[in-house]
Amino acid sequence: LNTQIGAVNLGINGQKIETMLANAATKIDPLYMSTGVSKSIVICWGGSNDLAVFGRSDTDVYNDIVSYCSGRKAAGFKVIVLTIMPRKDCTAGEETYRLSVNASIRANWATFADALVDVAADTRLDDFNDATYFYTDKIHLIDAGYAVVASLINDAIEALV
């Protein structure tokens, strides 16, 4: 990975994209750096909890992802959006919503983001039963899974800078 890239991880376990959107203007936008760096980049990886835990609709989740990304672009950031990975605790309806959100992201990302990292399409991350990458809860990644995501994000960052 590129050692010239500095990162601030503001991800919060269990957080909804709805909450990320509500907090972005005060928690994310002040981190924008217009000087001293080649690019300020935001990674948007949300929606899983909204669908599987909080029962939100695909339309609401997708619209919040678009609003979050569009707002960060308006603040000056380059934005990388990630798709939503499968998880064991999704009902059939929630899985349908996840697939719908991902299809919308894939079809439209260029209208609200600068890059797409399609983690849900990566064959290493598409099966929550794979203990090589997923924790025993079959929802969260272990270090090897996060290494895959980090590598994919690093490639997207390299393409933007």
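Contact means heavy atoms within 4.5 Å, and buried means under 20% relative accessible area, exposed over 50%, and partly exposed in between (1.4 Å probe, protein chains only). Helices (H or I, at least four residues) and strands (E, at least two) are DSSP runs, numbered from the N terminus. The model is predicted: local features need pLDDT of at least 70, side-chain atom pairs count only at pLDDT 80 or more, and totals for chains, interfaces and linings use all residues. Residues are numbered from 1 along each chain as its sequence is written, and side-chain values use heavy atoms, with hydrogens and water left out.

Consider helix H1 (residues 17-27) to begin with. Its residues Ile 17, Met 20 and Ala 24 are buried. These residues lie on the same side of H1, because they cover an arc of only 50° around the axis, the arc being that of the directions from the helix axis to the C-beta atoms. An α-helix has 3.6 residues a turn, so residues three or four places apart point the same way. The buried residues of H1 pack against strand S1 (41-44), helix H2 (48-52) and H3. On the face turned away from this buried side, H1 carries the exposed residues Ala 22, Ala 25 and Thr 26.

The packing of H1 with helix H3 (residues 58-74) has an angle of about 25°, and the axes are 9 Å apart. Axes are lines fitted to C-alpha atoms, for helices over the stretch in contact, and angles run from 0 to 180 degrees between N-to-C directions. H1 is therefore roughly parallel to H3, a term for angles under 35 degrees. Among the residues that make the contact are Met 20 and Leu 21 of H1 and Ile 65 and Tyr 68 of H3.

How values were computed
Angles under 35 degrees count as roughly parallel, over 145 as roughly antiparallel, 65 to 115 as roughly perpendicular and the rest as oblique.
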